[in-house]
Amino acid sequence: MRFSTATPMVAIMVEMTLIDAVTTALAWELDHDPRVVVLGEDVGVNGGVFRATAGLQARFGADRVQDTPLAEGMIAGVAIGMAAQGMIPVPEIQFMGFIYPTVDQLISHAGRLRNRTRGRMSCPMVLRAPFGGGIHAPEHHSESTEALFAHMPGIRVVIPSSPARAYGLLLAAIRDPDPVVFLEPKRIYRLNKQNVEDNGKALPLDVCYTLRQGSDITIVTWGAMTFETLKAADQLAKSNISCEVIDLATISPIDYETILESVEKTGRLVIVHEAARSCGVGAEVAAIVAEKGLYDLKAPIRRVTGYDVVMPLFRREMDYMPSVSKIADAVRETLED
Amino acid sequence: METIADFEIQYSQFLDPAGKPSADIPELARDTGKLIDMYRHMVQTRVFDTKAINLQRTGKLGTYASCLGHEATHVGLAAAMQKDDVLAPSYREYGAMLYRGVRMSEILLYWGGDERGSDFEGPKHDFPFCVPIATQCLHAAGAAMAFQLRGEARCAVSVNGDGGTSEGAFYEAMNIAGARKLPVVFAVVNNKWAISVPIELQTASKTLAQKAVAAGIPGIQVDGNDVIAVRHWVERALARARNGEGPTLVEAVTYRLSDHTTADDASRYRKKAEVEAAWKLEPLIRLRQYLADIGAWNEKKEKALLQEVAANVDAEVQRYLNMPKQPIEAMFDYMYRDLPEFLEEQRDHAIQYGDSDGGHHG
Ligand SMILES: Cc1ncc(C[n+]2csc(CCOP(=O)(O)OP(=O)(O)O)c2C)c(N)n1
Ligand SMILES: [Mg+2]
C-alpha cells in the first residue's frame, strides 16, 4: 500500500543542496510509506558521514533508520532479504570505495530474483552511495565505478546532478519495483542550492534530462561532470558554438531516444565522464549511437574521461579528471573534423 | 545431553592505569632497556600524531586518522615482531609502523595525498595502509601461506579494529589460518568505536577474542593500554606461530581518544564523560610511572626525550613539506611493469594538460 500520493500535502518550496534533497526525499518516503527502512554504517545517531541521513533516526526511530554493523555484503544481503519479504530497504554504503562486497549480492541476487522466480519474488530496494573525486579525500574515497553496476542485468543505476533531480529521482527509485543503485556525486553535494518543492513528486527514471539546448554538438554526461560540461558549453557559446548538454541521469538502462534525437539534430557527439575510459558507460553511449545513429554523425565521437589508471591520491586527482578545457578542446576538435 | 565444546577467554594486564603491577611482571619487562625503548616510541607516536592533526588543521595535510590512545597497542605489537615478519596494518597503526621503520614523512605523504607515502624506505615487505576494512586480514593469511610453503620461520601480523571484526574477510582469514595452522597473528584493536557505532551495536559477542573460537584458534583479550601485556601476548602468539602451532587472535582493549578522523565530530555521538573516563586509562602515564617507580625514569630524562622527539618530528615534517608533487605521468607509470600502448596516448594527454589545467575545475 502506498501513501505518497494519497496523503494531502502542503507544497513547501525549500532552498536546498543536493544532499539536503537526498535527506528530504528519504524523509518523505519514511513518512509516507511504512515499508521504507534506511540502514547502513553511521546513518543513525551520526546521521551519515556526509550527513545525508541527519535527523532521520531522531524523527523516525531506530527501527526505521538503523545503524548496522560494519559489513557491506551483509548490508546488501539483508536488504535483499527484507525487500523480498515486503519491505523497501534503502541501504547506504558509506563510500563507493567500500561497495564492492555488495557486488556479489547485487549481481547474484538483487538483479536476478524477479527473473529466477518468474516474477514470484522481487527486490524493491535502493542502494545509495556517494561517489566521485575532487573533494581531497583519502585513498579509496574518490573513484567512479558506475559502469560495474551498469553492467549488471536487472539493476537500475541512477545518478542525480542537481538538488531537484536528487529529490525527484530518489523518490522514483524508492517507488520503483526493482533494485536501484543510486549514486550521489559527492563533489556537488553542497556546491549549489536550488528551490525544490517538497511535495513527494517523483521524476521519471529511464530518461535523460536535457540541461541545455544547442545545435552544433551534443554532449552527454552525468553526475558532477555536468558542471564542467555546462561551463565548457558557456565558454564555447562565446565562440558561437552551440552545445546541447544531456544529463544521462539513468545510467542503466539508457534512454537512447533522447540522445539519438539530439545527434540527429547536431551530427556530433562528445561524451564526458569522470570514470575511467575503457568499458565506461561512455562506451555504451557511443556504441548505441554507432549502431542506431551512425549516418547522422558528421564526425567521429569523442570521449573526455578519467584515465585508465588507479584514481590518483588527491595531490594529483585533478590531473586525472576531465576539466573544462579538456571538454572544450574535445568539442572544438570534433567540430573541426 | 552433554557439553561437547566450551570455551574460556582470558584477560591479561600487568600494569594497572596507575602504573602499579597488577600481575607478575613477565620476563620482557625485567629488561628496563626494552621498556624505555617502547616508551620512547610511544611518546614519539603521540608527538607525531599531535603534529599531524595540527598540519591538517592548518591545511597542510588531508583528512587524518589520529592514533591517540592506541600507542601501547601499536608499539607493543610491533616490538613483539621480528624484523622480517610482515605487518598488514589498517590505516591507524602509526605506532607500529614507525617502530618497524616507516618514516613519519611517509605517513604524512600518504595522508597528504601522495602515493609515495606507501613506498616505504624501511620495512620493504610490510603491506601499505589498508582502508577497505578487514581486507588486510586475508593478505596476512596469504603472506603466512607463502612463508609456510617456503619453510621460512617468518610470521604475518594483521591489525584491524572492532568494527572490522564484523566483516566477512576477518572470519575467512581466521578460518583458513586455523585450518592450515598458518603462522599469523590477528591483532584486533578494540577501541570501542567504529566511527559512530559503539561496540555494543557492532556485536552481541562479549569479547572479540572469542571470535577465534569458531575458527578453532586461541583468542586472548589483553589491556591494550598496557604495552607490556600487548607485547608479551603477541610475542607468545608469534612464538607459537613460528613453531608451527598456528594462528592466534589477540584482542587489545583500548579507546579511541580522538575523533574517528579529522573529518569526524565525535561529540555528535558519544558522551564527554566517557572520553574523560577513558583518559584516565591512557597508556603513556602508567608506563612512565612504572619506569619512575623502578628508578629508570625522571623529569630530566622526560624533558630530554620530548626535545629529541620534537626535533625528529620537525625534521620529518620539513621533509614532507619540501617534497615536490610527483610528476603527472606517475599516475600511469606504476600501473603495470610495462606501460601498455593504449595508455601511452592517455599519458600524453594528461601531460599535455598538465599543471596548467589544475585550477580550471570550478
Ligand atoms: C569496507 C569498508 N567499509 C567502510 C569503511 C569506512 N570506514 C572507515 S573506518 C570505519 C570504522 C572502522 O572501525 P574499526 O574497525 O573499529 O576501526 P577504527 O577506525 O576504530 O580503528 C569505517 C566504517 C571502510 N574504510 N571500509
Ligand atoms: Mg574501532
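Visitor: What should I know before we start?

Guide: This is a predicted model, in which local features need pLDDT of at least 70 and side-chain atom pairs count only at pLDDT 80 or more, while totals for chains, interfaces and linings use all residues. Residues are numbered from 1 along each chain as its sequence is written, chains are lettered from A and ligands numbered from 1 in the order in which they are written, and side-chain values use heavy atoms, with hydrogens and water left out.

Visitor: How many residues of chain B are in contact with chain A?

Guide: Contact means heavy atoms within 4.5 Å. By that rule 47 residues of chain B are in contact with 42 residues of chain A. The area buried between the two chains is about 3,800 Å², and carbon and sulfur atoms give 56% of that. Buried area is the accessible area (1.4 Å probe) that two parts lose on being put together, summed over both.

Visitor: What makes the magnesium ion (ligand 2) count as coordinated by B:D162, B:N191 and B:W193?

Guide: Donors are N, O and S atoms within 2.8 Å of the metal (3.2 Å for Na, K and Ca); water is not among the atoms, so sites may look incomplete. Here B:D162 (OD), B:N191 (OD1) and B:W193 (O) coordinate the magnesium ion at 2.1 Å, so these atoms meet the cut-off. In sequence the donor residues are spaced D-x28-N-x1-W.

Visitor: Is B:N191 buried or exposed?

Guide: Buried means under 20% relative accessible area, exposed over 50%, and partly exposed in between (1.4 Å probe, protein chains only). B:N191 has 6% relative accessibility, so it counts as buried. B:W193 is buried as well, with a relative accessible area of 9%.

Visitor: Why is B:P247 called buried?

Guide: B:P247 has 3% relative accessibility and therefore counts as buried. Its place is in the loop between α8 (227-242) and β8 (248-253) of chain B. Not counting residues up to four places away in sequence, B:P247 touches several residues, among them B:A177, B:L182, B:F186 and B:I217.

Visitor: What does the salt bridge of A:R128 and A:E184 tie together?

Guide: The side chains of A:R128 and A:E184 meet at 2.6 Å, N to O. A:R128 lies in strand β5 (residues 126-131) of chain A and A:E184 in strand β7 (residues 180-185) of chain A, so the pair ties together parts that are 56 residues apart in sequence. Strands (E, at least two residues) and helices (H or I, at least four) are DSSP runs, numbered from the N terminus. A:R128 is buried at 1%, and A:E184 is buried at 0%.

Visitor: Why is B:D293 called partly exposed?

Guide: B:D293 has a relative accessible area of 41%, so it is partly exposed. Its side chain meets that of B:K20 in a salt bridge (2.9 Å, N to O). B:K20 is also partly exposed, at 40%.

Terms used. A salt bridge is a side-chain nitrogen of Lys or Arg within 4 Å of a carboxyl oxygen of Asp or Glu.
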